[in-house]
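Subject: Structure handover

Hello,

Here is the structure for you to open alongside this note. My findings follow below it.

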Amino acid sequence: MEPIIVSPPLRGEWNVLNTPGDKVPSHGTSEWGMEYAYDFIRLVKGRNGTLTWHKKTHSKYFLGQVKLSDSFSWSEPIYSPIDGVVREVVSFINERIRLHIISDVGLALYNSVFFSYKRGATSKLCGNYLIIEGANCCALIAHAKTDSIQLSVGDSVSAGDLIAEIGHSGNSTAPHLHFQLMDRVDIKSAKGLPCCFSNYDINTENGWEKVEHGVPCGKYTIRFGA
């Protein structure tokens, strides 16, 4: 199946932690339409030259002294990747204010063992989320910031419209954007659909190189334009 071309859901520089550009299914499962899902996070070089997703030291992260506002991704705007109509919205799930490796990774491990894809609540996995139904696919935006989705069921959106902000709700180990396309609104029975992005740049040894209709892999930092 040919990938569906969508607009970039973010702006600026990002890294892709889980992507169908590296493996399929990208998240290790095809449940809930996640076969071709993406996880975007902003990574910045720290003092020791390694990439990190927050402003504090590793020791402070282990001690639970990293706040949401210390994340480079948190509260960044999210844009609609498609034209469509809002079919589901949850925006009231509280985020974990302090980030801690044991609690965040522990929650992910717990859900990987005990979460039921058939009976589990969507918000338990996706946190604050939004489903947009388009002409030939449905788009899911997950783990959004609490109360950042100012849309209601039935609202029409266009590709490029501001729809939410990145958060740390649901099954999230750090503030990031989870994005996927599905063949239907009902996430519990949905099948994932492959998609590519209309345009972006990748940071190579030769500098920034333009890519059109590409599927980004985790090897490169990517840059989405307006």
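Start with E165, which is partly exposed at 25% relative accessibility. Here buried means under 20% relative accessible area, exposed over 50%, and partly exposed in between, using a 1.4 Å probe and protein chains only. This is a predicted model, in which local features need pLDDT of at least 70, side-chain atom pairs count only at pLDDT 80 or more, and totals for chains, interfaces and linings use all residues. Residues are numbered from 1 along each chain as its sequence is written, and side-chain values use heavy atoms, with hydrogens and water left out.

Salt bridges

E165 forms a salt bridge with K145, and their closest N and O atoms are 3.2 Å apart. A salt bridge here is a side-chain nitrogen of Lys or Arg within 4 Å of a carboxyl oxygen of Asp or Glu. K145 sits in the loop between strand 11 and strand 12 (156–157), E165 in strand 13 (residues 162–165), and the two are 20 residues apart. Helices (H or I, at least four residues) and strands (E, at least two) are DSSP runs, numbered from the N terminus.

The whole structure has 6 salt bridges. Another of them pairs R42 with E76, with the closest N and O atoms 3.3 Å apart. R42 is in the loop between strand 3 and strand 4 (44–45) and E76 in the loop between strand 6 (66–67) and strand 7 (77–79), so this pair ties together parts that are 34 residues apart in sequence. R42 is buried at 17%, while E76 is partly exposed at 25%.

D70 also forms a salt bridge, with K56; the closest N and O atoms are 3.5 Å apart. D70 lies in the loop between strand 6 and strand 7, K56 in the loop between strand 5 (51–52) and helix 1 (58–62), 14 residues apart. D70 is buried, at 10%. K56 is partly exposed, at 29%.

The largest pocket

What volume does the largest pocket have? It is about 540 Å³. The search used a 1 Å grid over the protein atoms alone; a pocket is an open set of points with protein on both sides within 12 Å along at least five of seven lines, and lining residues have an atom within 4 Å of a point. Grid points are joined across faces, edges and corners, and a volume is the space filled by probe spheres set on the points.

The lining has 29 residues, with H27, M34, D39, L125 and N171 nearest the centre of the pocket. Elements that each supply at least two lining residues include strand 2 (12–18), strand 3 (38–41) and helix 2 (101–114). By class, the lining has 13 nonpolar, 14 polar and 2 charged residues. Ala, Val, Leu, Ile, Met, Phe, Trp, Tyr, Cys and Pro count as nonpolar, Asp, Glu, Lys and Arg as charged, and the others, Gly among them, as polar.

Cysteines

How many disulfides are there? The count is 0, with a disulfide taken as a pair of cysteine sulfur atoms within 2.5 Å. C195 is in no disulfide, and the nearest cysteine sulfur, that of C196, is 7.0 Å away. C195 is buried at 3% relative accessible area, and C196 is buried at 4%.

Backbone

V24 and P25 are joined by a cis peptide bond, with omega about 0°. P25 is in the loop between strand 2 and strand 3. S75, not a glycine, has a positive phi near 75°. S75 lies in the loop between strand 6 and strand 7 and is partly exposed at 25%. D147 is not a glycine either, yet its phi is positive, about 65°. D147 is in the loop between strand 11 and strand 12.

Best wishes

Note on methods: 1 Å grid on protein atoms, 1.4 Å probe; cavity = no way out; pocket = protein on both sides within 12 Å on 5 of 7 lines; lining within 4 Å.
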